[in-house]
Amino acid sequence: MELLIVLTVALVASSSAIVWLWRDRRAHRAESARLAAELAAREKRPAIIAHEIRTPLALVRGAAELLAEQTPGPLNERQVGFVETITENVQQVIDIAENFISQVRLDDNPTLHTHELVDVREVVYEAARDMRRITSVPIRVDARGGMVPIYTEPHLIRQLVWNLVNNAIRHAGDGVTVMVRITPGDDGGALLSVGDTGSGMSERDQESLFTPFATGSSRRPGSGIGMLVTRKIVEAHGGNIMVDSEEGYGTAILVSLPRGEETR
């Protein structure tokens with residue numbers, strides 16, 4: 001009888017321990033799920049803010065461009081300089097906002113789902129034309145020949161080109177030229193190179209080029225996420241990106257994008 005009582009007590013104690021462990025594990029899982037959801041929300045918060053500020057920033061940029069064109073009336077030399085400063089810095093903030101939005105989107109959906117045939121050459125021309133309006137750094141484009149079409153999303157290609165050129169401008173010094181070249185790929189895709197004749201990148205800067213918020217030793221630091229988003233865009237296309245740089249001889253970033261396939 002005593003043995004039976006002991007076994008019964010032991011069984012009840014074991015059952016209680018199992019129940020307690022099960023409840024504790026369930027509580028831990030619930031807490032882990034809550035923390036994961038909170039972390040995901042915090043990671044998306046910058047993109048939400050960026051989305052909200054993008055429109056008013058675009059309106060400020062548009063007003064500054066009208067002033068630069070002297071549509072409301074003539075400006076003196078000092079006023080023109082102020083307007084150029086406003087335009088350049090507003091565009092820099094818009095770039096940061098666009099990159100935050102694209103980063104979250106590509107993290108959630110790392111592959112493209114809607115493709116249309118886009119002439120990369122035309123996108124390069126348009127991006128270079130727009131960037132010439134906000135920078136004094138010369139931008140030369142070598143895009144001779146016919147169309148270079150790939151299946152993609154136009155705004156992603158524009159952001160890819162914009163980020164690459166902007167990165168080159170940020171690292172460029174006085175008297176430096178940024179060169180953009182687009183040619184058809186061997187497989188029917190596109191080969192894009194963006195280079196500069198600047199001082200090149202150190203090994204440390206190259207290692208941190210795709211690290212967010214690591215601005216390196218550029219002459220005009222930015223958010224540090226532009227090149228990270230650039231790599232994500234290339235990967236979403238199934239392409240490759242390479243960096244060729246040597247201190248004292250400039251930098252070239254090479255991107256290959258496959259032609260892709262039409263999807264809906």
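Reply: Start with a definition: axes are lines fitted to C-alpha atoms, for helices over the stretch in contact, and angles run from 0 to 180 degrees between N-to-C directions. The model is predicted, so local features need pLDDT of at least 70 and side-chain atom pairs 80 or more, while totals for chains, interfaces and linings use all residues. Residues are numbered from 1 along each chain, and side-chain values use heavy atoms, without hydrogens and water.

Me: Why is α3 called oblique to α4?

Reply: Helix α3 (residues 120–132) and helix α4 (residues 154–171) pack at about 45°, their axes 9 Å apart. Angles under 35 degrees count as roughly parallel, over 145 as roughly antiparallel, 65 to 115 as roughly perpendicular and the rest as oblique. Therefore α3 is oblique to α4.

Me: Which residues of α3 meet α4?

Reply: Val120, Val123, Val124, Glu126, Ala127, Asp130 and Met131 in α3 do; contact means heavy atoms within 4.5 Å. Their partners in α4 include Trp162 and Ile169.

Me: What makes residues of α3 buried?

Reply: Buried means under 20% relative accessible area (1.4 Å probe, protein chains only), against over 50% for exposed and in between for partly exposed. Among those buried in α3 are Val120, Arg121 and Ala128. The buried residues of α3 pack against elements including β1 (116–119) and α4.

Me: How do you know that the span of α3 agrees with what it should be?

Reply: The expected span is 1.5 Å times one less than the number of residues. For the 13 residues of α3 that gives 18 Å, and its end C-alpha atoms are 18 Å apart, so the two agree.

Definitions and conventions. Helix = DSSP H or I, 4+ residues; strand = E, 2+ residues; numbered from the N terminus.
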